[in-house]
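Take a look at the model below. We will follow its charged pairs, then turn to a pair of helices.

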Amino acid sequence: MINAYDIAYSAVAVISAPVWLLFPRARKKVRRALETRLSRNLPVRPGANPAVLIHAVSLGEINATRTLVQQLQSARPDLHLILSTTTETGHARALQLYSQTPNTTILRFPLDLTPAITRTLDALRPDLVVLMELEVWPNFLHHCRKRHIPVIVINARLTPHSLKRYRLIRPIARRMFSRISHVAAQDPAYADQFISLGVPPAQVSVTGTMKFDTAEIATTVPGSSDLARDLYLNKGDTAPYFLLVAGSTGPGEEQPILAAYKQLLNEFPTLRLAIIPRHPERFDEVANLILESGFQLIRRSSSQQPVASSNPILLGDTMGELRKFYSLATIVLVGRTLVDLGPRQRGSDMIEPAALAKPIVVGPWTQNFAEPMNAFRAADAIYELSNSTSLLSTLTEILRHPTPANEKALRAQQTVRQNQGATAQNVNIILEFLKNKWT
């Protein structure tokens, strides 16, 4: 039966209809959500083994599940794992990581409507729900409580935007957060914020950030030599290449990167540039930006002959190869940090290139990676720009003085090594909840 949450959502949908019906992009987004997140025709989970639903909102969170899933499967081979995501890129990555994994179900997280939630819980019968970082929905929590399904949050954090929003609806937020069975926060400050929102103090712990655990410390990456060959990055006999990799870029960032690169070529004529946009739907847009800037282009997705220019720009327009690009880099510029793209997109993962001991440059917008950034700053292990206008001078400094840059890169790698281990603590919490449920 529908409840007050369903009525409220319906009212919002009706009131906002003129907006999302008017704009094609919003209309497409709503239609896509209705097609994929109402849990229609969801297959019933076979067997009666214990099951855990792990919800990872987007690409970053689903990547953070890799070590978690491995450790859970090792500790409990009988466990059925249900991986849910919200975004298109997150779902694509989940399929890439887990579609061939036994005892695993992959789905889009249901809309917070009673029919969708009921169909999901009826079909999959999770014994425990694990939310990565934070995406709490009141109706979903309500139905889990009714079915006595514990909901825990691991790798938990609150952005300033989220905290402000929840405080504006404090009475509703306190009721919602009081239904969470446990919060494993990334640091003590986040733990205090969850308590202030209504999670009982006895149900909050601090386990650190799992972001460090998903990064594999290495010097080479399988497949990187093939990538170098396919993109004509093989070093010549006379002048070795230098490669600047701009990874996970967002709208408005490619233009200053291209402008800086054009200036850098005057002093470093063998420098190459690779741009890997964060979202696949921007691949063609970024390809056009590169061509409009006067550069020739090599797309990773296309089998092309070498172009006439000695400095064609490489466009990483495939999925799952960012780490290969990073392994070939002389410098890594982390995207979604140069321009403020809003509270949900302030920062991309700088830990992965750090684990490969690469000199890393980030802009001022890294709030979604606040804890890793604090660790890198404390170790003097990262180049942090105050604004995008200092990009050229910072890149020039690194290329002119590679020794201190490489020393900084080694400190970044050591920082990753020292901060690993949060996943194991979160696995222990999950196993304890399962033990209590099944004994």
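This is a predicted model: local features need pLDDT of at least 70, side-chain atom pairs count only at pLDDT 80 or more; totals for chains, interfaces and linings use all residues.

Glu254 lies in helix α12 (residues 254-267), and Arg282 sits in the loop between β9 (271-277) and α13 (283-292), so the pair ties together parts that are 28 residues apart in sequence. Glu254 is buried, at 0% relative accessibility. Arg282 is buried too, at 6%.

A second pair is Glu321 with Arg300. Their closest N and O atoms are 2.8 Å apart. Glu321 is buried, with a relative accessible area of 9%. Arg300 is buried as well, at 18%.

Now look at Glu384 and Arg377. They form a salt bridge with closest N and O atoms 2.9 Å apart. Glu384 is partly exposed, at 36%, and Arg377 is partly exposed, at 39%. Elsewhere, salt bridges with shared partners join Asp226, Arg229, Asp230, Arg300, Glu321 and Lys324 into one network. The count of salt bridges comes to 23.

Next, the helices. Helix α6 (residues 114-124) and helix α7 (residues 138-146) pack at an angle of about 45°, their axes 10 Å apart. That angle makes α6 oblique to α7. The crossing of α6 past α7 is right-handed. Thr114, Ile117, Thr118 and Leu121 of α6 make the contact with Asn139, Phe140, His143 and Cys144 of α7. By class, this contact has four nonpolar, four polar and no charged residues.

Note on methods
Residues are numbered from 1 along each chain as its sequence is written. Side-chain values use heavy atoms; hydrogens and water are left out. Axes are lines fitted to C-alpha atoms, for helices over the stretch in contact, and angles run from 0 to 180 degrees between N-to-C directions. Helices (H or I, at least four residues) and strands (E, at least two) are DSSP runs, numbered from the N terminus. Angles under 35 degrees count as roughly parallel, over 145 as roughly antiparallel, 65 to 115 as roughly perpendicular and the rest as oblique. A crossing is left-handed if the near helix is turned anticlockwise from the far one by less than a right angle, and right-handed if clockwise. Contact means heavy atoms within 4.5 Å. Ala, Val, Leu, Ile, Met, Phe, Trp, Tyr, Cys and Pro count as nonpolar, Asp, Glu, Lys and Arg as charged, and the others, Gly among them, as polar. A salt bridge is a side-chain nitrogen of Lys or Arg within 4 Å of a carboxyl oxygen of Asp or Glu. Buried means under 20% relative accessible area, exposed over 50%, partly exposed in between (1.4 Å probe, protein chains only).
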